[in-house]
Amino acid sequence: MLGHLLRAEGIDCVILERQARDYVESRIRAGVLETVTTDIMRRLGIDARMDTEGLVEDGFNLADGDRLVRIDIKALTGRHVTVYGQTELTRDLIAAAPARDLEIIFEAGDLVPHEVDGSQPSVTFTKDGVAQTIRADFIAGCDGFHGPSRRAIPAALAREYHHEYPFGWLGILADVPPCHDELIYANGPRGFALASMRSPTRSRYYIQVAQGERLEDWPESRLWDELEARFNPLSRHGVTRGPALEMSIAPLRSYVFETMRHGRLFLAGDAAHIVPPTGAKGLNLAASDVAYLSDALIDFYRQGKDDGLLAYQDRALSRIWKAERFSWTLTRLMHSFPDQNRFERRMQIADLDYIASSEAAQTSIAENYVGLPL
Ligand code: DHB
């Protein structure tokens, strides 16, 4: 997305991707886009498939036991979210790259950034066994939580914050109609579950699993039994079973690495921060990071001004911390914590009861869910 934003202004850039194109295009990620994100795709003119296949959602539901609390995001904020998989968005960006002269080098291994605090940074990597070097004015580290960019920043300069949750999410994707017309985030005695979708014929579900649980512990039939038990009482259509297209377990963590700039290296997205998936903020935060960063780089090249680059970290962090707060709050509200005492459980129920009865509380949730302004 950053590459496209820069190329649209005639700025040269090259994308180095560690994985093969097939891997990137088949990895299943979250699927709820804020208007901040869809607006960028629109500005780039890479919106045709998103507009035909994306589902506009005017509301979503929080379930408290067997009660559905509908958050009417359209009525409360005048806005909406779009259900369109991150994988699809990535495919669209990759497909549009050649025509826009945006080079993507897939399977670029052993990547190391060099001299990022000097005037001429570079990256070295290997492609097809051959060592290569690229020199550039700037490096954008959009390489995820495990990528090499963050490690290029000296530990003495790092300001980082970390929080782990004692559970993970088990996800399943299947070609079956969704159980409900809108998303349902459910808390109950058996923990958290989420009913989501990708299209009128493709469902995405998640349930909370204990730390250390493995995919082998969850044959498909066991997962469908659990989803039926959780969503048949809550949903309009009931759960339809079908063969899994994908199943995976993801850990939950909150993480912020505040040192998002070091010299000519800028971090964006998961390279600098992780949110737990509750609320689907991960991709959307990456999109707002690159909106700020591309504005700053475009100003630099057009007008020779570096105030945008100097302000990048503070602008990005202000929105990141608010999304961290929202994801953490929604995670705490909707999950069973193994060490939770009876009082804490009662507080969750009281919180949901308050949300159910207060338009102010619902508005606060809705404005965070659709995405805070840039
Ligand atoms: C999805 C994932 C999320 O984390 C979420 O909050 C909503 C939807 C999804 O994959 O559909």
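Which residues does aspartate 47 touch, not counting residues up to four places away in sequence? In this predicted model, aspartate 47 makes contact with Met41 and Arg42 once those sequence neighbours are set aside. Aspartate 47 is found in the loop that runs between helix H3 (35–44) and H4. Its relative accessibility is 16%, and aspartate 47 therefore counts as buried, the cut-off for that class being under 20%.

Salt bridges were then considered. Over the whole structure, the search returns 26 salt bridges. One of them pairs arginine 49 with glutamate 88, and the closest N and O atoms of this pair are 2.9 Å apart. Arginine 49 is partly exposed, at 25% relative accessibility. Glutamate 88 is also classed as partly exposed, with a relative accessible area of 22%.

A further set of salt bridges involves arginine 67. The side chain of arginine 67 meets that of aspartate 64 in a salt bridge with an N to O distance of 3.0 Å. Aspartate 64 is buried, its relative accessible area being 11%, whereas arginine 67 is partly exposed at 33%. Arginine 67 also forms a salt bridge with aspartate 353, where the closest N and O atoms lie 2.7 Å apart. This second pair links distant parts of the chain, since aspartate 353 is in helix H10 (residues 342–357) and arginine 67 is in strand E5 (residues 67–71), 286 residues apart. Aspartate 353 has a relative accessibility of 39% and so counts as partly exposed.

Note on methods
Residues are numbered from 1 along each chain as its sequence is written. This is a predicted model: local features need pLDDT of at least 70, side-chain atom pairs count only at pLDDT 80 or more; totals for chains, interfaces and linings use all residues. Side-chain values use heavy atoms; hydrogens and water are left out. A salt bridge is a side-chain nitrogen of Lys or Arg within 4 Å of a carboxyl oxygen of Asp or Glu. Buried means under 20% relative accessible area, exposed over 50%, partly exposed in between (1.4 Å probe, protein chains only). Helices (H or I, at least four residues) and strands (E, at least two) are DSSP runs, numbered from the N terminus. Contact means heavy atoms within 4.5 Å.
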